Amino acid sequence: KDYLNNIKNKGLFDALRARQLKDCLEKIPSRVLRDGYERINGDGSKLAGAIKRLVHAAERKPRDALAKWKDYLNNIKNKGLFDALRARQLKDCLEKIPSRVLRDGYERINGD
């Protein structure tokens, strides 16, 4: 019933439209900054700036990948990430908890 009233009063679609408008308006400053950066980088040409930005991003990819790999190795060394063995041990321990709790409750009820 509330849903039908919202549709009749355009409350539901107005909220959706307002959200879409807000999202579009939030993108404007980043678009202006990107446009300005491309013009400066491309000596006044937006196209040249965009191509230079793409080339720079392609050159940066291997460096970023190596940095991610180093972070991953450090996390493994510092046990920040679970390896397969620790994950399996944790899974086995967590699976035993419900049976332990049920057995304890059963023994308490029966008075064993």
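Student: At which residue does helix 3 bend, and by about how many degrees?

Tutor: A bend at a residue is the angle between axes fitted to the seven residues ending there and the seven starting there. Helices are DSSP runs (H or I, at least four residues), numbered from the N terminus. In this predicted model, helix 3 bends by about 35 degrees at arginine 60, and proline 62 follows within four residues.

Student: What conventions apply to the model?

Tutor: The model is predicted, so local features need pLDDT of at least 70 and side-chain atom pairs count only at pLDDT 80 or more, while totals for chains, interfaces and linings use all residues. Residues are numbered from 1 along each chain as its sequence is written, and side-chain values use heavy atoms, with hydrogens and water left out.

Student: Where is confidence lowest and where is it highest?

Tutor: The predictor's confidence in each residue is its pLDDT, from 0 to 100. The chain averages 83, and 92% of the residues score at least 70. Helix 1 (residues 2-8) has the lowest mean, 73, and helix 3 (residues 46-77) the highest, 91.

Student: How many residues does helix 3 have, and how far does it reach?

Tutor: An expected span is 1.5 Å times one less than the number of residues in the helix. Helix 3 has 32 residues and reaches 45 Å from its first C-alpha to its last, close to the expected 46 Å.

Student: Which residues make the nonpolar surface patch?

Tutor: Patches consist of residues with over 30% relative accessible area and no salt bridge; nonpolar side chains (Val, Leu, Ile, Met, Phe, Trp, Tyr) are joined within 5 Å, like charges within 9 Å. Here Leu66, Trp69, Tyr72, Leu73 and Ile76 make a patch of about 490 Å².

Student: Is aspartate 43 buried or exposed?

Tutor: Buried means under 20% relative accessible area, exposed over 50%, and partly exposed in between (1.4 Å probe, protein chains only). Aspartate 43 counts as exposed, because its relative accessibility is 70%. This residue lies in the loop between helix 2 (11-41) and helix 3, and its phi is near 55 degrees, a positive value in a residue other than glycine.

Student: Which side chain meets aspartate 35 in a salt bridge?

Tutor: A salt bridge is a side-chain nitrogen of Lys or Arg within 4 Å of a carboxyl oxygen of Asp or Glu. Aspartate 35 meets lysine 46 at 3.3 Å, N to O. Aspartate 35 lies in helix 2 and lysine 46 in helix 3, so the pair ties together parts 11 residues apart in sequence. Asp35 and Lys46 also belong to a network of salt bridges with Arg39.

Methods. Helices (H or I, at least four residues) and strands (E, at least two) are DSSP runs, numbered from the N terminus. Accessible areas come from the Shrake-Rupley method with a 1.4 Å probe; for residues, only the protein chains shown count as cover.
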